[in-house]
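Here's a quick tour of a ligand and the protein around it. Take a look at the structure first, then read on.

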Amino acid sequence: MMLLPYRPEPLTDFSQPANRQAFEDALAKVKAQLGKTYPLIIGGERIMLDDVFPSVNPARPSEVIGYFANGNASHADAAIKAAYYAFETWQHTPAAERARYLLNAAAAMRRRKHEFSAAMVLEIGKSWAEADADTAESIDFMEYYARQMLRIEDSSHLLVPYPAEQVQLRYIPLGVGAVIPPWNFANAILAGMTSASLVAGNTVVLKPAEQSPMTGYMVAELFWEMGLPAGVLNFITGPGEVVGARMVEHHLTRFIAFTGSRAVGVQIYEKASKVVEGQLWLKRAILEMGGKDAIIVDETADLDAAARGIITSAFGFQGQKCSAASRVILHNDIYDAVADRVVKLTEQLTVGATDAGPDVYMGPVIDEEAYHKIREYITIGMSEGKLLTGGGIIETNENGYFIQPTVFGDVAPNARIAQEEIFGPVTALIRAHDFDDAIAIANGTEYGLTGSVYSKNRARLEQARREFHVGNLYFNRKCTGAFVGVHPFGGFNMSGTDSKAGGPDYLLLFTQAKLIGEVL
Ligand code: NAD
């Protein structure tokens, strides 16, 4: 198959009036379709339930995005069975054919790109730029994994030559995958884990997060429109602790691809390790979990660039990224200078309903539960540090979940707001007396996902290269924003199972190697 080399999808420039208009049109189109009721799709069949739950716009919670089936354990069972049945044939589909489903889905998503982004503006409160980047990343995953599968499928050329036999090393699929994504990259992570599973020859039961089922449905629908055979991709909705839990426990589930919180990830890890009756394999668990990511700034750094990087990393998508900079570790000598700059920039950020236009930088936080949890952390922060800016809510007539971008200063490294994942627009400034101290503070959490160092000192950057223990380490740039294929993504310790989404070895996690030697 002739393929152009993979290149990340370009981001949209919203200063161009034509792009702005195209996005407005997409928003209008999605708005015209709000409030529909969606089915479960099991074995190619649409199943409507009377029992439904709403997905709502967090900027205006009375606006219903769609009603989704409140599935239960029996629906999870039926979906796993359908996927198990479909695996009998799908596993033997040639890799090139499987790759074509991804390439065609990527092309189709590219054509309707702004619709996918507009759905996230409304369903999860992403700004236009953040939603556009999410959709671009989704396209990238499909393009990238299609190529990676073709590269690894027959890896016989990696073997040591042995003239007496004709030997072959093939990466074959595992079986039925339970794909359980979070809401925060409602398109990219969901499409990434799903497409990796499918292209490797597995069949899937996909359960989107309760907060973002419409975006998930749009992605699944795209795959079905590409002609994916019935049962290869099944879509079920319902509470994670009911439907997701059952998917994990089922004896026919072969692997779990999960991205979400540490608490749920650990639960899944424990459950997946328990061999249940009728189970013929040890389940594989690919778990990507939380972060408590830090940016270090030393006294040699470009302080303006550092302050800009801190703001983007801490407050992009309201701080609701696993890679968000929720800790900022500043050398004493430049602490005040950076704190002043960060406060000034924070106070310039615009907060509001993101469908108003591309200039709204921050939207609402995802839901009422997150709103209360983040506000509790702000209360804790009041006693643990000094409030430098923010700390309040932004009231709207429509009761949106808006929280001011918030910066606490003089926070101790072991304070709760410096240790626990808040997952909101709150960051903690921490003082360090030298670079060794800064690295020790940065490494002093149970997570290890992303981190940045701003410095012009070569020896220190080399030291950070060796000692700063995170999966994604960046120098003199923000700690968010990884490009598929360029910055394979995933963290250490309690940030997950050390996998690298969008990297050259990711698909190995979705396959098993089969060696065949034939005497000549
Ligand atoms: P979450 O853990 O609450 O939910 C994630 C998914 O798990 C959802 O689909 C949910 O329905 C499901 N779920 C909930 N309980 C379950 C159970 N008992 N069994 C099976 N499934 C269950 O996380 P979230 O709020 O959706 O996402 C935010 C979290 O995700 C943050 O901690 C963030 O750091 C993390 N995250 C990590 C990465 C990464 O690459 N490491 C990327 C994005 C988000």
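The shell around the ligand is made up of 15 nonpolar, nine polar and five charged residues. Here Asp, Glu, Lys and Arg count as charged, Ala, Val, Leu, Ile, Met, Phe, Trp, Tyr, Cys and Pro as nonpolar, and the others, Gly among them, as polar. Of these 29 residues, Pro181, Glu210, Ser261, Met289 and Glu421 come nearest; being near takes a heavy atom within 4 Å.

This is a predicted model, where local features need pLDDT of at least 70, side-chain atom pairs need 80 or more, and totals for chains, interfaces and linings use all residues. Numbering starts from 1 along each chain as its sequence is written, and side-chain values use heavy atoms, leaving out hydrogens and water.

## Polar contacts

Now for the polar contacts (N or O pairs within 3.5 Å). The side chain of Glu210 has an N or O atom 2.7 Å from a ligand oxygen. A ligand nitrogen lies 3.3 Å from an N or O atom in the side chain of Gln267, and a polar backbone atom of Met289 is 2.7 Å from a ligand nitrogen.

Methods
Polar contact = N/O pair within 3.5 Å; in protein donor to acceptor, adjacent residues only side chain to side chain.
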